[in-house]
Amino acid sequence: ETTHANVHRGVDHLSQEATDAFESVRGKVARFIAAASEREIIFTKGTTESINLVASSYGEANIKEGDVIAVTRMEHHANFVPWQQLAKRKKARFEIIGLTPDLRLDPKEIDRVLALKPKILAISLLSNVTGVVNPIASLATRFKMVGSTIVVDAAQGIAHGEVTIDRLGPVDFLAFSSH
């Protein structure tokens, strides 16, 4: 409403004012999720773009033929398809953690996939369909023990409680949007 210039596009007063206002949000987000530094915060257009960015950069650089990428049956397509496509490109195994009849993660399925030592676990904090909240901290700890990188889709969960890095456990990537 009060700043009429593009962010990061000029050195004039209005452009600098807009850039400063935009960048101040990075610190607010870092404090909101209790990140160690605002340098850990990367802005994208939304959760889908964030997950695609992780899959196309980190995933491309670190997944090799035969590696395992794990997702859950409850994932939104934004946290399913990028990993499925990465597995296909890299000739990696794409494993899906199944659900119990009440639509929660099946402990036997978790153990089955954990035994495969996946390189990546992509999991939603909260299902956008059922509302199930996944035990991210305990899962992240267990999957870290076998060398997994943990990618959490918090698009739905960020608005439903205090979501802080220390409560989520050893996650590597946390994606959510402001809307």
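Where is the place of leucine 103? Select leucine 103 and you will land in the loop between β2 and α4 (107–114); helices (H or I, at least four residues) and strands (E, at least two) are DSSP runs, numbered from the N terminus. Before going on, note that this is a predicted model, in which local features need pLDDT of at least 70, side-chain atom pairs count only at pLDDT 80 or more, and totals for chains, interfaces and linings use all residues. Residues are numbered from 1 along each chain as its sequence is written, and side-chain values use heavy atoms, with hydrogens and water left out.

**Two positive phi angles**

Stay on leucine 103 for a moment. Its phi is near 70 degrees, a positive value in a residue other than glycine. Most residues other than glycine have a negative phi. Leucine 103 has a relative accessible area of 40%, so it counts as partly exposed (buried means under 20% relative accessible area, exposed over 50%, partly exposed in between, with a 1.4 Å probe and protein chains only).

Now select alanine 34, in the loop between α1 and α2 (47–62). Here phi is near 60 degrees, again a positive value in a residue other than glycine. Alanine 34 is partly exposed, at 40% relative accessibility.

**Along helix α1**

Step back to helix α1, residues 13–32. Its 20 residues, at 1.5 Å a residue, should span 28 Å, and the end C-alpha atoms are 29 Å apart, which agrees; the expected span is 1.5 Å times one less than the number of residues. At the start of α1, look for aspartate 12: one of its side-chain oxygens comes to within 3.3 Å of the backbone nitrogen of leucine 14. That is a polar contact (a pair of N or O atoms within 3.5 Å; within protein, one must be able to donate a hydrogen and the other to accept it, and residues adjacent in sequence count only if both atoms are side-chain atoms).

Which residues of α1 are buried? Colour Ser15, Ala18, Thr19, Arg26, Gly27, Val29 and Ala30 to see them.

Next, show the side chains of glutamate 23 and arginine 26, which form a salt bridge with the closest N and O atoms 2.8 Å apart (a side-chain nitrogen of Lys or Arg within 4 Å of a carboxyl oxygen of Asp or Glu). The two residues are 3 apart in α1, about one turn of the helix. Arginine 26 is buried, at 15% relative accessible area, while glutamate 23 is partly exposed, at 25%.

How many salt bridges does the whole structure hold? A search finds 11. For another, go to helix α4 and select glutamate 109 and arginine 112, 3 residues apart; their closest N and O atoms are 3.1 Å apart.

Then pick aspartate 172 and lysine 144, whose side chains meet in a salt bridge at 2.7 Å, N to O. This pair links distant parts of the chain, 28 residues apart: aspartate 172 is in the loop between α6 (165–168) and β5 (173–175), and lysine 144 is in helix α5 (residues 136–144).

**An aromatic stop**

The structure holds 3 aromatic pairs (rings of Phe, Tyr and Trp, its six-membered ring, with centres within 6.5 Å; planes under 30 degrees apart count as stacked, over 60 as edge-to-face and the rest as tilted). In one of them, phenylalanine 80 and phenylalanine 94 have ring centres 5.1 Å apart and planes at 85 degrees, so the pair is edge-to-face. Phenylalanine 80 lies in the loop between β1 (68–72) and α3 (81–90), and phenylalanine 94 in strand β2 (residues 93–97). Phenylalanine 80 is buried, at 14% relative accessible area, whereas phenylalanine 94 is partly exposed, at 22%.
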